[in-house]
Amino acid sequence: MKLKLVTFLNLLAVLHLSTSFAQRQSYVVYLGDHNAKRTASEIKSAHHSFLSSVKRNKEEAKASLIHSYKNVINGFSAFLTPDEAAKLSEMEEVVSVFKSQPRRYKIQTTRSWEFVDLLSNGGGGSSLGGEQLLRKANYGQDIVVGVLDSGVWPESQSFSDDQMEPIPESWKGTCQVGIAFDASHCNRKLIGARYYLKGYEAYYGQLNQTLDYRSPRDSYGHGTHTASTVGGRRVPGASILGGFANGTASGGAPLVRLAIYKVCWQIPNQFVYRDITCFDEDVLAAFDEAIADGVHVISMSIVPYELNPYMQDGFAIGALHATRQNIVVLCSAGNDGPTPSSVRNVAPWIMTVAASSIDRIFSSPVILGNGMRIEGQSVTSYELDKMYPLVFAGDVELPGTTNSNTTGQCLLGTLSPELVKGKIVLCLSGYSYNAVKGLAVKRAGGIGFILQNPLIGFGISVQTHVLPGTAVFYSDAYTILNYIKTNQYPLAIILPAKTLLDTKPAPFMAGFSSAGPNGLEPNILKPDITAPGLNILAAWSEIASPTNLADDNRVVKYNIDSGTSMSCPHVAAAAALVKAVHPDWSSAAIRSALMTTAKQINNLGLPITDENGNVATPFRYGAGHFQPSKAIDPGLVYDANFTDYLLFLCNSGIDNVYKFKCPNEFPSPSNLNYPSVAVSRFQDSTIVERTVKNVGDVPSVYYVSIKPPVGYSVEIFPTTLVFRNVGQARSFRITITKTSRQTDAFVFGWYQWSDGTHVARSPIVASS
């Protein structure tokens, strides 16, 4: 009878949940850390108790629980009404309660690592060559990088464990089996794999297994791409369709161990372009287990749509717990640039990575009927054999399918097959993915298409289109349009693409790369650093097409992609190499080493520019372009510990986190011991303090150089730092004073310490 009663009560709970579906939503209830050693069962029981206090009965409470975080993070996710969430947030033990939001990727290698090595060896300072660095770091052999993404394609040659050493004894993770994924798919390279979809299924319902694998296997390609960029083995002869970008594919740390945490899944009911999404509560669950598993670095190429307070952001919470264990956490800056304050993942315990170019393009020019040559770029393997009639999409649309905002953009269902068949179509940017525009032309019977690059400037993200096609610079599209409008029989041919190396200038900032200032705390500069993120070749899922179009049935082993999703794993690999050389360094010290050795000069010996050729600022590249070979010997580091971050949170009114009580007085955000300096909203003068630790030669003497922001003076005292021991720390004060009335909201400068061998450079951002 008791069993029947419990079953009946469970049924009532489920019925109540389903009838209140319109009101209930998934919330994360964050409780800080575990303050006592408890079993997993005891922790889950405690979480049920919280829910029971706002639910009608215990059965309803149990039925509402989604995730229970039991390892390092203390908290849970559950179905709650807004009223229930509000009641929980008022409890003393609860740090925060926030609604889980789906996070979608904004889409946004053979050459990139070679380019990084070339750039690093083009200047002075202490530096090893790329191969010397790898040997010194043993190619990352004993470092474990956790990749939170869309899973992995384990059969890729990039994940071979041939001749690798046994798995480190410190590893505590597992190889979670699932659909098309068993224990044999893990090896000495892919040492762990897990998947998390309770949050996804709470929002979308049960996973459609014709759409995605209920396992760590990647059906989309993005996760395989990022994982192989971090730590893929060296694979000679790798290229995409058509043989473009041919060379030896390699991750930055070829022998690093990879642990895969699949947190992103394909969105259902997408019939044209397949996209993926990730949920806060699933990401938190992955963080909780990755920390317990024993990873050293976490790479996460996921970006939220909007900024949220630190303790209402699952990424920031998970990263803070990881930092407590000295795990380096790196995240993408976002692909909403160059809009000011578009940068995301801005918590100071996260290393935020922007995206820039490398010195390679895929030239595919357009020749017009009048002989004019228009530069274009593409990696499309299809070729044209002659000139074809050229039309503008706005002139060949079906009546009533577009308006003044969408005309000319080659949207699906807008093109007239009668007017398009056998012609090349010029498509303007906007309102749909570039690959979808090509599909629209193909469905209408077009022979090829010319795509207007959606970003003003000279950075083009290439794709493997489903028909002959090339992308031209934004302004050049109007040159082509003028040719069409002024000629009775316009013609064109798209020339086959060719790979060109050693292009200049490089790097330049990718137009899509999200920019500062930091919209949550302007006294912390974000992004932190930049790395290659434009047209990067890496491994791909062999069930995913190169375009992610539902109608594209082509299969590739390697693919080119662009975004800060691609730049983040580059820096994650560098962090792994630094960790391998300096296993006792804190996560803050590793971040500092990467930032203070970054470069602000391109391969022409000139300042790095933005996508328009203008000199870029730290709001675009942070400290500069990373140089891994210099980062292992930075000379000085700016260190910070977990308590420093808790004191930083006091500025946001966050108290009593991790049983830490904010003191009556605490440092301002500008005084966090960060490798960059940002000051805002001050009157005439402000003082910030920094402390550097010697990790280089002894004895050593460092002298300061300063370039103040325009309209400000900068004084640093003392001007000389003397170190007699490794690990010795020295503090200094930076006084920033207004010297004139500034019209610009933000101005930039820098200071650096040098002993003649090492240079530790920090950007300065000031605004009044």
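Let's start with Cys 331, which counts as buried because its relative accessibility is 0% (buried means under 20% relative accessible area, exposed over 50%, and partly exposed in between, with a 1.4 Å probe and protein chains only). Cys 331 is in no disulfide, and the nearest cysteine sulfur, that of Cys 568, is 6.0 Å away. A disulfide here is a pair of cysteine sulfur atoms within 2.5 Å. Cys 568 is in no disulfide either, and it is buried with a relative accessible area of 0%.

A word on the model: it is predicted, so local features need pLDDT of at least 70 and side-chain atom pairs count only at pLDDT 80 or more, while totals for chains, interfaces and linings use all residues. Residues are numbered from 1 along each chain as its sequence is written, and side-chain values use heavy atoms, with hydrogens and water left out.

## The disulfides

A disulfide is a covalent bond between the sulfur atoms of two cysteines. How many disulfides does the count give? It comes to 4, and with the bonded cysteines numbered in sequence order the pairing is 1-2, 3-4, 5-6, 7-8.

One of them joins Cys 175 to Cys 186, with 2.1 Å from S to S. This link is right-handed, with 85° about the S-S bond, and both Cys 175 and Cys 186 are buried. Another joins Cys 264 to Cys 278, also listed at 2.1 Å from S to S. Cys 264 is in strand 11 and Cys 278 in strand 12, 14 residues apart (helices are DSSP runs of H or I with at least four residues, strands are runs of E with at least two, and both are numbered from the N terminus). The torsion about the S-S bond of Cys 264 and Cys 278 is about 100°, so this disulfide is right-handed.

Which hand does the link of Cys 650 and Cys 662 have? Its torsion is about -95°, so it is left-handed. The S to S distance between Cys 650 and Cys 662 is 2.0 Å. Cys 650 is buried at 5% relative accessible area, and Cys 662 counts as buried at 14%.

## Aromatic rings together

A pair of aromatic rings is described by the distance of the centres and the angle of the planes. Rings of Phe, Tyr and Trp (its six-membered ring) pair if their centres lie within 6.5 Å; planes under 30 degrees apart count as stacked, over 60 as edge-to-face and the rest as tilted. By this rule there are 21 aromatic pairs. Tyr 195 lies in strand 7 and Trp 265 in strand 11, so the pair ties together parts 70 residues apart in sequence.

Tyr 204 and Phe 279 also form an edge-to-face pair, at 6.1 Å and 85°. Is Tyr 204 buried or partly exposed? Tyr 204 is partly exposed at 27%, whereas Phe 279 is buried at 2%. Ring pairs link Tyr 195, Tyr 200, Tyr 203, Tyr 204, Trp 265 and Phe 279 into a cluster.

## A sheet and a charge over a ring

Strand 31 (residues 685–694) and strand 35 (residues 729–738) pair over 9 bridges, and the bridge partner of Val 688 is Ile 734.

Finally, the charged end of Lys 738 sits over the ring of Phe 682, 5.5 Å from its centre (the rule asks for NZ of Lys or CZ of Arg within 6 Å of the ring centre and within 35 degrees of the ring normal).

Note on methods
Pairing = 2+ DSSP bridges.
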